[in-house]
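Here's a friendly tour for anyone opening this structure for the first time. Have a look at it, then read on.

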Amino acid sequence: MKDDVAAKPGFSVRQRRRQQASRLIHYALIQALIVIACIFVLRQSPPEPSSEYLVTEFSLKEGGAEHPVTLPHFTASRFSMNDPPLYTGRFQWPNSEAQRAWSVFLPRFSNGVEVAVNGVVILDSRRDPAANRPDRNAPEIAVIPASLLRDGLNNLTIRLLVWGPLTGFLDRVYVGPDEMLRPCYEQRTLLFVTLPVVFSAWQAILAVILTIMWVMRRHEPAYGVLAAAMALGVAQAFLPTAVEQSQYSRLNGILIASAPIESGFVLAFALLLFGWKWPRYGLLIFAPGLLLVAVGLIGDQTLIRESFLFLGVPTVGLYLVLLALIVAQSVLKRQDVASFIFGCAVTIVLTCWIHDLLSVLQITPDRRIFVTRLSYSAMLVAIGAGLTWRFARALNQVDSFAGRLVTQVRQAEDKLKASFAREEERARAAALALERTRLMRDLHDGLGGQLVSIVALSERGNAGAPIGEAARAALKDLRLVIDSMDDIGGDLMLALGSWRERAMAQLRPHDIALDWHALTPQGLPVHPELRPWHVIQIVRLLDEALTNAVKHADARRITVSIETLTDASGVDYGRITVEDNGRGFAIAPDDPAAAPGPKAARGLRNMRSRAARCGAELELVSGAGGTRVRLKLPRRFPDSDAAAG
Amino acid sequence: MTLLNDERPSQAITILLVEDDAPTSWRLQDALAKAGFQVTAAATLAEARACLAQSSPRVLLTDLQLPDGHGVDLIRETRERFPDTEIMVISILGDEESVISAITVGATGYLLKDAFPTDIAATVHELVAGHSPISASIARFIVRRTQNNPEPPPGPPLNTAKLTPREIDILWGIAKGFSYAEIAGHLGLSRQTVPGHIKNIYRKLEVHTRGEAVFEALQQGLIRL
């Protein structure tokens with residue numbers, strides 16, 4: 001969509017506007033349909049008994065004057081606890097009805113009634129807390145004691161007790177057999193008394209859940225605000241309403257202030273939920289409600305009533321309208337189900353509020369059935385549904401995010417594996433190439449030179465010993481190279497074992513004894529890092545020591561000692577010593593003139609170089625009693641053949 | 001290894017030498033004849049079989065790569081027909097695998113082609129005396145197969161299950177270059193018993209007869225009667 005705007009701004013803006021307009025019209029049409037449906041539902045009158053038991057003709061005595069009225073009737077008075085309007089009427093009771101209980105049924109009145117039959121009071125609605133709430137349409141029913149009834153006409157007097165802020169109202173009265181009237185009474189009680197209690201209970205649960213959500217997610221204050229609204233609603237529903245002029249009237253005043261505060265909370269909730277920036281003077285939303293609380297605390301009845309009528313009711317209406325606008329904007333912007341349901345609920349509440357207002361102002365002729373509280377509960381249902389929907393969607397998003405993450409991780413893993421395999425393959429190829437190079441060099445160093453010398457000897461026609469000796473040396477070297485290729489698992493002893501066999505075979509014709517001493521049972525420490533080229537260097541070094549002893553020192557006995565020693569830091573290291581009892585020679589590699597001979601000197605240089613390449617220390621001691629070559633193995637063999645020249 | 005006295009009588013010892021490379025054959029014949037052995041030489045598998053048809057030698061000394069077949073077949077046949085004949089493989093360097101293959105069909109020793117003449121005679125003498133020679137590299141080859149590797153090392157399959165821990169210890173000692181005396185000292189054995197252990201090792205590595213193969217298959221549950 002954004003790309004479209006960038007590409008064709010004019011067209012897109014126009015198109016978007018058209019789209020928005022069509023959406024708005026759609027939404028408005030749906031809301032209008034809802035309003036019509038609401039009006040239709042509200043015009044349905046609540047259950048009423050058969051009209052044959054109707055008593056409508058009354059004589060009203062009010063403020064000293066007496067005049068006939070027809071029920072339903074609105075009184076002018078808003079407060080008349082001391083001198084209530086008195087309705088007097090008559091009803092027919094035939095003696096034949098004595099077998100059946102008769103009742104008086106008052107479907108709707110405000111605020112309280114005291115009913116008397118033939119001068120005896122049979123009902124006082126002020127004892128019923130539910131009936132004392134003007135915002136609930138509580139009905140009343142009372143069985144007339146049979147002893148009170150007279151054959152023929154009976155007197156029915158109704159005292160209408162009115163306390164602010166509404167004017168008095170008395171709906172049509174039914175007098176008839178209890179069995180005919182009670183079903184309607186029960187239905188009305190269910191609808192107007194029980195249902196609000198159920199809703200209030202629901203509200204209480206939602207308040208707890210939302211409070212927990214808010215406590216766990218402090219960065220979402222919307223939940224906290226809604227929880228406050230619900231808690232206030234619950235308190236309002238369950239606190240007893242005061243009837244008499246007492247200290248409770250102050251409480252009463254505070255209670256009527258609850259509606260503006262509740263609506264303020266709901267408005268604040270909507271602002272926060274739909275991501276509006278919190279207005280600078282946002283707290284002013286609660287100003288009318290708090291003002292009403294203050295008035296309720298200190299003002300008198302008139303002031304409370306006036307302020308509620310001129311401040312409280314319009315505030316509720318204003319907030320409902322604002323709520324409807326905010327939700328409508330959100331519906332247009334977000335196009336989500338939650339906003340839409342919320343919007344429909346707000347429309348229903350607003351319609352009901354207008355209906356109640358018109359009823360209070362006596363603009364529409366009706367039976368003063370208040371439905372705002374009930375529809376407010378409908379809105380709570382919508383909010384509950386919306387929040388559940390939001391929660392479920394959030395869970396789905398988390399799931400799909402986790403799923404995507406798993407897929408991505410798997411892909412990355414596969415890629416990594418592939419690249420690792422490539423890298424491993426490359427490393428193996430490199431290692432193989434290195435090994436091949438080393439093998440070629442080893443073969444060339446030993447075998448190559450010896451074969452060349454064999455060729456040279458045979459071309460000179462020198463038969464016999466020198467050729468055989470050179471060929472034997474070549475074979476020995478080949479055996480060493482092949483032997484070093486074998487995996488010995490880092491145990492140099494295994495390589496030395498083969499070397500011992502070759503050395504014995506080499507010394508046997510010269511009649512030189514080889515003493516082999518493994519001074520420690522395990523021989524040498526195991527070096528996992530030991531590579532074939534280390535083995536070759538060490539074995540060649542030992543071979544050279546042996547060759548020196550045989551050829552130059554003229555020794556009769558050679559002793560090889562193998563041992564494991566522990567250095568100062570507690571680390572084991574191996575030491576191999578080759579000693580002979582030959583002539584010995586002067587060791588002065590820096591001074592060639594003093595060297596025993598060019599060949600031997602080269603041998604010594606080679607030995608030092610081989611030791612250095614393996615990181616080993618070579619110690620040469622030579623004297624009249626013989627020569628001692630001592631090789632101190634490193635704690636760790638070097639990885640690379642850095643010293644190779 | 002101690003060298004045996006060359007002067008001992010060896011006239012009765014007959015050797016069938018099977019080697020196709022003429023100079024090597026001459027060299028071995030010379031070395032053995034000088035030590036007093038009675039040597040019959042054959043250059044091919046067919047010739048060797050012809051000789052075997054006439055008489056059973058005390059020792060069979062054979063190369064493995066022959067012009068008309070493999071020495072392993074000859075070893076197997078000889079082992080089945082003449083259980084008393086000692087069989088040696090003529091080995092070149094670095095071919096422990098071939099030696100092991102020969103051992104599994106019944107060879108009890110090996111001889112290096114380039115060994116000094118005195119060593120050649122001494123090795124045959126020792127074998128006849130009941131001492132199988134074994135090199136450090138062959139011992140190493142066997143013990144590596146006794147270790148429980150997830151990936152078996154390359155080479156011919158070898159059943160080392162029958163080897164006792166003591167025999168494996170002896171093989172380790174040989175692989176590390178210890179002498180029989182040193183091994184005996186480490187393991188608390190008599191020096192004289194070590195060659196017998198080695199002979200046992202050879203015998204245990206051999207997959208003897210068809211009957212034994214059936215028995216092993218039964219043991220492993222491969223066939224059911």
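## What you're looking at

First off, this is a predicted model. For the complex, the predictor gives an ipTM of 0.75 and a pTM of 0.51.

Confidence in chain B comes to a mean pLDDT of 79, with 81% of its residues at 70 or more. Residues 1–10 of chain B sit below 50, and this stretch makes nine contacts in the model beyond near neighbours in sequence.

Chain A runs to 645 residues, and 35% of them count as buried. Its secondary structure is made up of 14 helices and 18 strands. Take the contacts in chain A with a separation of 6 or more: 73% of them are between residues 24 or more positions apart.

Chain B has 225 residues, of which 39% are buried. Here you'll find 10 helices and seven strands. For chain B, residues 24 or more positions apart account for 62% of the contacts with a separation of 6 or more.

## Where the chains meet

Where A and B touch, 19 residues of chain A are in contact with 16 residues of chain B. On chain A's side, the elements giving two or more residues are helix H11 (465–485), helix H12 (492–507) and strand E14 (513–518). H12(A) gives the most, with eight residues. Sorted by class, chain A's side has 11 nonpolar, three polar and five charged residues.

## The nonpolar cores

In soluble globular proteins, nonpolar side chains tend to be buried together. In this model, the largest nonpolar core has 98 residues. Those with the most contacts inside it are Leu542(A), Leu16(B), Leu32(B), Leu61(B), Met88(B), Ala139(B) and Leu171(B). Helix H13 of chain A (residues 532–551) gives the most to this core, with 10 residues. Another core, of 58 residues, lies apart from it, and includes Ala207(A), Leu226(A), Val295(A) and Val346(A).

## A helix with a buried side

Now pick out helix H9 of chain B, residues 193–205. With 13 residues at 1.5 Å each, H9(B) should span 18 Å, and its end C-alpha atoms are 19 Å apart, so the two agree.

Which residues of H9(B) are buried? They are Val194(B), His197(B), Ile198(B), Ile201(B) and Leu205(B). These cover an arc of only 100° around the axis, so they sit on the same side of H9(B).

Back in chain A, Thr347(A) is found in helix H9, residues 337–360. Is Thr347(A) buried or exposed? It has 26 other C-beta atoms within 10 Å, and 20 or more is the cut-off, so Thr347(A) is buried.

Who are its neighbours? Not counting residues up to four places away in sequence, Thr347(A) touches Gln31(A), Ile34(A), Val35(A) and Ala324(A). Thr347(A) and Met379(A) are 32 residues apart in sequence, and their C-alpha atoms are 9.3 Å apart in space.

Note on methods:
Residues numbered from 1 in each chain as written. Chains lettered and ligands numbered in written order. Predicted model: local features only at pLDDT ≥ 70, side-chain atom pairs only at ≥ 80, totals over all residues. Helix = DSSP H or I, 4+ residues; strand = E, 2+ residues; numbered from the N terminus. Buried ≥ 20, exposed ≤ 12 C-beta atoms within 10 Å, placed from the backbone. Contact = placed C-beta atoms within 7 Å. Nonpolar A, V, L, I, M, F, W, Y, C, P; charged D, E, K, R; others polar. Expected span 1.5 Å × (residues − 1). Arc of directions from axis to C-beta. Core = buried A, V, L, I, M, F, W, Y, C linked by C-beta atoms within 7 Å. pLDDT = per-residue confidence, 0-100.
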